[in-house]
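Let's take a friendly walk through one protein model, going from pairs of side chains to the overall fold. Keep the structure open while you read.

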Amino acid sequence: VVEAFREGKVSVCVATDVMARGMDIEGIEAVVNYDVPSKTEDYIHRIGRTGRQGANGIAFTFVSSDPQVIIVGNQTTEINEEHYIKSLSAQLAEPVFFRKVPGPWKDEAKSNEKDEKDDHAQQAVAGILVRRGVLQPDRKGHLRPTLISPNLDKRKSSHWPQKPHFATDGLKGLVLNKAGVVEELPPLRNFEEGRFEEVISRFEKKRAVKRGIALPKKKEQIWRRKKQSI
């Protein structure tokens with residue numbers, strides 16, 4: 001297939017990211033990304049198949065405005081392509097221009113599909129916060145916070161997590177009703193174990209370790225107190 005594409009016998013080649021690396025084919029006028037890669041280097045390699053050696057080229061990327069919820073292994077994760085695009089734009093220091101695909105199509109999920117997707121995401125968020133000790137079910141099965149109860153004594157509670165900061169715990173978006181029961185949960189993307197790219201990266205690292213590939217260790221930053229001159 002690649003040779004047929006290289007020789008011009010076929011005008012369109014549908015490929016995975018494998019095609020994006022190391023394939024030098026002259027005369028590719030356009031690259032179309034059906035999805036948005038979560039890594040900047042993958043995006044650069046993809047669009048680098050066109051406009052090579054000073055030639056003109058153009059790249060299109062389809063972007064969904066609606067986050068997608070998919071199961072990876074036994075984890076529920078979210079793909080947010082608009083977030084990926086904003087991240088790419090910031091890292092490449094290039095503006096991104098959005099245009100609607102011509103035609104009557106709307107980038108909207110059907111109501112029943114959206115409700116089912118939201119239910120999966122909310123169940124996943126509830127599970128994450130319960131495992132972290134941030135929420136706990138009461139006798140009726142309602143979720144209540146263990147952190148912001150007025151009767152909770154931080155010094156005596158054994159349920160208080162090591163880092164009870166709302167920002168780091170992803171609690172932005174948590175809403176309680178007057179009875180102190182959780183009414184709305186934060187988005188799934190607030191949590192590392194709920195982001196598709198983080199889960200995939202973790203799987204790739206585990207697979208590399210099983211194959212005997214040594215991974216670079218994280219550099220520990222050591223903070224030293226500055227000497228004060230008297």
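A salt bridge here is a side-chain nitrogen of Lys or Arg within 4 Å of a carboxyl oxygen of Asp or Glu. The structure holds eight salt bridges.

Before going further, a word on the ground rules. This is a predicted model, in which local features need pLDDT of at least 70 and side-chain atom pairs count only at pLDDT 80 or more, while totals for chains, interfaces and linings use all residues. Residues are numbered from 1 along each chain as its sequence is written, and side-chain values use heavy atoms, with hydrogens and water left out.

| Residue pair | N to O distance |
|---|---|
| Glu7 and Lys9 | 3.2 Å |
| Lys39 and Glu204 | 3.4 Å |
| Glu197 and Arg189 | 2.6 Å |

How far apart in sequence are the parts that Lys39 and Glu204 tie together? Lys39 sits in the loop between β1 (30–33) and α2, and Glu204 belongs to helix α5 (residues 196–210), so this pair connects parts that are 165 residues apart in sequence. Helices (H or I, at least four residues) and strands (E, at least two) are DSSP runs, numbered from the N terminus.

Are these residues buried or exposed? Buried means under 20% relative accessible area, exposed means over 50%, and partly exposed is in between (1.4 Å probe, protein chains only). Glu7 and Lys9 are both exposed, whereas Glu197 and Arg189 are both buried. Lys39 is partly exposed, with a relative accessible area of 32%, and Glu204 is partly exposed too, at 33%.

Next, the aromatic rings. A pair of aromatic rings is described by the distance of the centres and the angle of the planes. Rings of Phe, Tyr and Trp (its six-membered ring) pair if their centres lie within 6.5 Å; planes under 30 degrees apart count as stacked, over 60 as edge-to-face and the rest as tilted. By this rule there is one aromatic pair. The ring centres of Tyr34 and Phe62 are 6.4 Å apart and their planes stand at 65°, so the pair is edge-to-face. It links distant parts of the chain, 28 residues apart: Tyr34 is in the loop between β1 and α2, and Phe62 is in the loop between β2 (58–61) and β3 (68–72). Tyr34 is exposed, with a relative accessible area of 72%, while Phe62 is partly exposed at 41%.

Now look at two helices. The axes of α2 (residues 40–47) and α3 (residues 81–92) come within 10 Å and cross at roughly 80°. That makes α2 roughly perpendicular to α3, a label given to angles of 65 to 115 degrees. Thr40, Tyr43 and Ile44 of α2 make the contact with Leu88, Gln91 and Leu92 of α3, where contact means heavy atoms within 4.5 Å.

Finally, step back to the whole protein. How many helices and strands does the protein have? There are five helices and eight strands, and along the sequence they follow the pattern α-β-α-β-β-β-α-α-β-β-β-β-α. Of the 230 residues in the protein, 27% are buried. Among contacts with a separation of 6 or more, 52% come from residues 24 or more positions apart.

Conventions: Axes are lines fitted to C-alpha atoms, for helices over the stretch in contact, and angles run from 0 to 180 degrees between N-to-C directions. Angles under 35 degrees count as roughly parallel, over 145 as roughly antiparallel, 65 to 115 as roughly perpendicular and the rest as oblique.
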